[in-house]
Amino acid sequence: MTEGDVMTTVAAARAGLEPYEVFRQEKDGDPMRHGGNVLAPDPELAVHYARELFGRRNESTRLWVVRRADIQVLEDPDLLDPPLDRSFKKPGGYVMRDKLAAARARAGTEKPAARAESHDRTGGRRAETK
Amino acid sequence: MTAVAEDRAVQTALAELLLTMADDEFVSGFTDSEWTGIAPLLEEDVAISSIAQDELGHARALYQLLAEVLADGRDEDALAYDREPEEYRHARLLDHARGDWADTIARRFLYELADEARLASIGAGFKPLADLVQKLRREERYHRMHVVAWIERLARGGPEPRRRLEAALRAQGLDAPTVFTPLSGEAALIEAGILTRGLTEAEGAWRADLTTILVPLGLELPPHIGPTPDGRQGHSESFRWLWGEFTSVRRSEGGVTW
């Protein structure tokens, strides 16, 4: 095979491959974070490859594998960074933490625990154990 | 520590079973690892290398169990590396060289499904093996998914992949049943509950499994040739070459460790 033949074969082979973006989660309850991407000929093998490159050393509890062509992208500056001044939309100067602390001081109450006893750390209700 | 079989006949039969299982995984893993760096896709390079590592891990665990059963002073490294080529007891199916991608997929497919039928035949009679097999089956699920995905893609991928796959299945089909070569101590193992069925029966289950995948794809099943008593002996030139590779570091200096 000449080098030209090899390059044509490689190009043809790569034409059947599509990028799939991989999002991973370190432990249950964490947000899904973008880890990278894989090239694959179809969704089934994309999941295999995502597992190999992002999960084979027990580093993730969950992977989302999404075909890049299926991802909708919004990057239009007219929508995300419009020209007219709209700083009135931001509640600057109104710090919730300080307002709540002042309200508690007036009422004489304690700051509640970060999580209620009745719920686990992912927000799910704990099962009743009697 | 581990409850090793008391009965001498069972002990010998168990050692034979463990040796065949360990050698199968060891040789299969090393052959698969020959793709590292040159697989057809970068992602497949990682996948096949990872599968090869899994198999070597399985082999290691099986050699460790074998070392405990034999209790002759050899550890798992000695069992894996310190034998002459003719002393290995892997199935002749695994003597086939790495070949091209279709050859590897065909070999892996025939072997993976055979190994699955064998693992499904392991009973509770020797607890360390039963416990290990439970873990092995969980990892082997992924190997099966991967190889079946590739059988389907090669079969349906166009004239060239299909032609190569058919040729590979034909070339290796004759040797495929050697995974089920009868063990001399099978009766003792079944009586001790270490095997739940004989290897000939496991072979039947393997064929049924092959049928569900190959027939819908219009692919031929391996020929039915009856039990092969020497199916784990008389290894090929390509295996001798592989042996030279995987023992080269060990042989370069006796007692070498990391």
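Biologist: What makes the largest nonpolar core a core?
Modeller: This is a predicted model, so keep that in mind throughout. A core is a set of buried nonpolar residues joined through C-beta atoms within 7 Å. The largest such set here has 62 residues. Those with the most contacts inside it include B:Leu14, B:Leu62, B:Ile105 and B:Ala114. Helix H1 (residues 8-33) of chain B gives the most to this core, with 11 residues.

Biologist: Which residues does B:Leu66 touch?
Modeller: B:Leu66 is also among the core residues with the most contacts. Leaving out residues up to four places away in sequence, B:Leu66 touches B:Ala15, B:Leu18, B:Leu19, B:Ala22 and B:Leu79.
There is a second, separate core of 12 residues. Among them are A:Val38, A:Leu45, A:Tyr49 and B:Ala47.

Biologist: What is the reach of H2(A), from its first C-alpha to its last?
Modeller: H2(A) has 12 residues and reaches 16 Å. That is close to the 16 Å expected at 1.5 Å a residue.

Biologist: Which residues of H2(A) are buried, and what do they pack against?
Modeller: The buried ones are A:Leu45, A:Ala46, A:His48, A:Tyr49, A:Ala50, A:Arg51 and A:Glu52. They pack against E1, E2 and E3 of chain A, together with helix H2 (42-70) and helix H5 (127-156) of chain B.

Biologist: Why are strands E2 (33-40) and E3 (62-67) of chain A said to stand at the edges?
Modeller: The 3 strands form an open sheet in the order E2-E1-E3, with antiparallel pairing. E2 and E3 of chain A each have a single partner strand, so one side of each is left without a neighbour in the sheet. From one strand to the next, the twist averages 25°.

Biologist: What makes strand E1 (residues 18-25) of chain A and E2(A) a pair?
Modeller: Two strands pair if there are at least two bridges between them. E1 and E2 of chain A have 7 bridges, in the antiparallel sense.

Biologist: How many residues does each chain bring to the contact between A and B?
Modeller: Chain A brings 10 residues and chain B brings 6 residues. On the chain A side, E2 and H2 each supply at least two. H2(A) gives the largest share, 6 residues. By class, that side has 6 nonpolar, 1 polar and 3 charged residues.

Biologist: Why is A:Asn58 called exposed?
Modeller: A:Asn58 has 6, so the label holds. A:Asn58 lies in the loop between H2 and E3 of chain A. A:Asn58 has a positive phi of about 60°, although it is not a glycine.

Biologist: What makes B:Ala71 count as exposed?
Modeller: B:Ala71 has 10 C-beta neighbours inside 10 Å, so B:Ala71 counts as exposed. Its place is in the loop between H2 and helix H3 (76-81) of chain B. Its phi is positive too, at about 45°, and B:Ala71 is not a glycine.

Conventions:
Residues numbered from 1 in each chain as written. Chains lettered and ligands numbered in written order. Predicted model: local features only at pLDDT ≥ 70, side-chain atom pairs only at ≥ 80, totals over all residues. Helix = DSSP H or I, 4+ residues; strand = E, 2+ residues; numbered from the N terminus. Axes fitted to C-alpha atoms, helices over the stretch in contact; angles between N-to-C directions. Contact = placed C-beta atoms within 7 Å. Nonpolar A, V, L, I, M, F, W, Y, C, P; charged D, E, K, R; others polar. Expected span 1.5 Å × (residues − 1). Buried ≥ 20, exposed ≤ 12 C-beta atoms within 10 Å, placed from the backbone.
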